[in-house]
Amino acid sequence: AKPLAKITPTGVIEICAGQTANMSANAGAFTYQWYWYGNALAGETNQTFSTTTGGEFKVKVTDVATGCTKRSGIRTVQVNPLPVVSITAQGPVSFCKNGSVVLEAVGSPGYTYQWTAGGANIPGATGNTYTVTSSEYYRLRATDSNGCSKLSPGTVVTVLPLPNNAITASGPLTFCVGDSVILSASP
């Protein structure tokens with residue numbers, strides 16, 4: 001009798017670009033050969049199989065005792081692309097203390113966002129814009145409807161300190177009409 005040839009998980013296996021799809025053939029005293037679009041995959045002779053490539057996969061199961069073989073049904077791997085996202089600043093990214101700049105997501109509609117500062121998520125910063133008031137390295141994680149996510153290139157924001165000016169007087173600040181005092185500013 002022919003052995004059972006079955007791949008798990010069932011249905012279309014969806015992964016994001018860069019991820020791995022893992023499949024298993026049924027266990028037993030069998031040898032295995034995995035196929036991609038009907039072509040034998042060299043060296044892929046284990047019960048389990050992993051791929052980062054999309055396409056149609058099958059496994060041929062051979063019963064060691066009888067030599068009978070059976071091919072499984074097709075299992076499709078669908079590789080979904082990662083979101084494409086970047087950040088645009090709506091003004092200078094270098095400004096004086098007490099200033100700010102609005103960073104805006106540039107990506108496809110339907111993405112969800114999470115802003116990060118210095119590699120950590122900013123709590124509650126999930127809109128398509130974020131107002132920055134402090135120096136840091138900002139990035140944006142975009143997630144699409146397939147659950148695939150990607151971090152944008154980063155933007156460095158620099159907050160400059162306010163000048164520390166001091167004024168000194170050459171004499172008393174209270175004086176009679178006609179007298180004077182010289183005021184000097186030092187940076």
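## Disulfide, aromatic contacts and surface patch

Because the torsion about the S-S bond of Cys16 and Cys148 is about -95 degrees, the disulfide is left-handed. This bond, with an S to S distance of 2.0 Å, links distant parts of the chain, 132 residues apart: Cys16 belongs to strand β2 (residues 13-16), and Cys148 to the loop between β16 (136-143) and β17 (149-151). A disulfide here is a pair of cysteine sulfur atoms within 2.5 Å, and strands are DSSP runs of E with at least two residues, numbered from the N terminus.

The model is predicted, with local features needing pLDDT of at least 70 and side-chain atom pairs pLDDT 80 or more, while totals for chains, interfaces and linings use all residues. Residues are numbered from 1 along each chain as its sequence is written, and side-chain values use heavy atoms, without hydrogens and water.

Relative accessible area (1.4 Å probe, protein chains only) sets the classes in the table: buried under 20%, exposed over 50%, partly exposed in between.

| Residue | Relative accessibility | Class |
|---|---|---|
| Tyr111 | 17% | buried |
| Tyr113 | 12% | buried |
| Cys68 | 25% | partly exposed |
| Cys96 | 41% | partly exposed |
| Leu173 | 63% | exposed |

A search of the whole structure finds 7 aromatic pairs, among them Tyr111 and Tyr113, which are edge-to-face at 6.4 Å centre to centre with 80 degrees between the planes. Rings of Phe, Tyr and Trp (its six-membered ring) pair with centres within 6.5 Å, and planes under 30 degrees apart count as stacked, over 60 as edge-to-face and the rest as tilted. Ring pairs also link Trp34, Phe49 and Phe57 into a cluster.

Notes:
Helix = DSSP H or I, 4+ residues; strand = E, 2+ residues; numbered from the N terminus.
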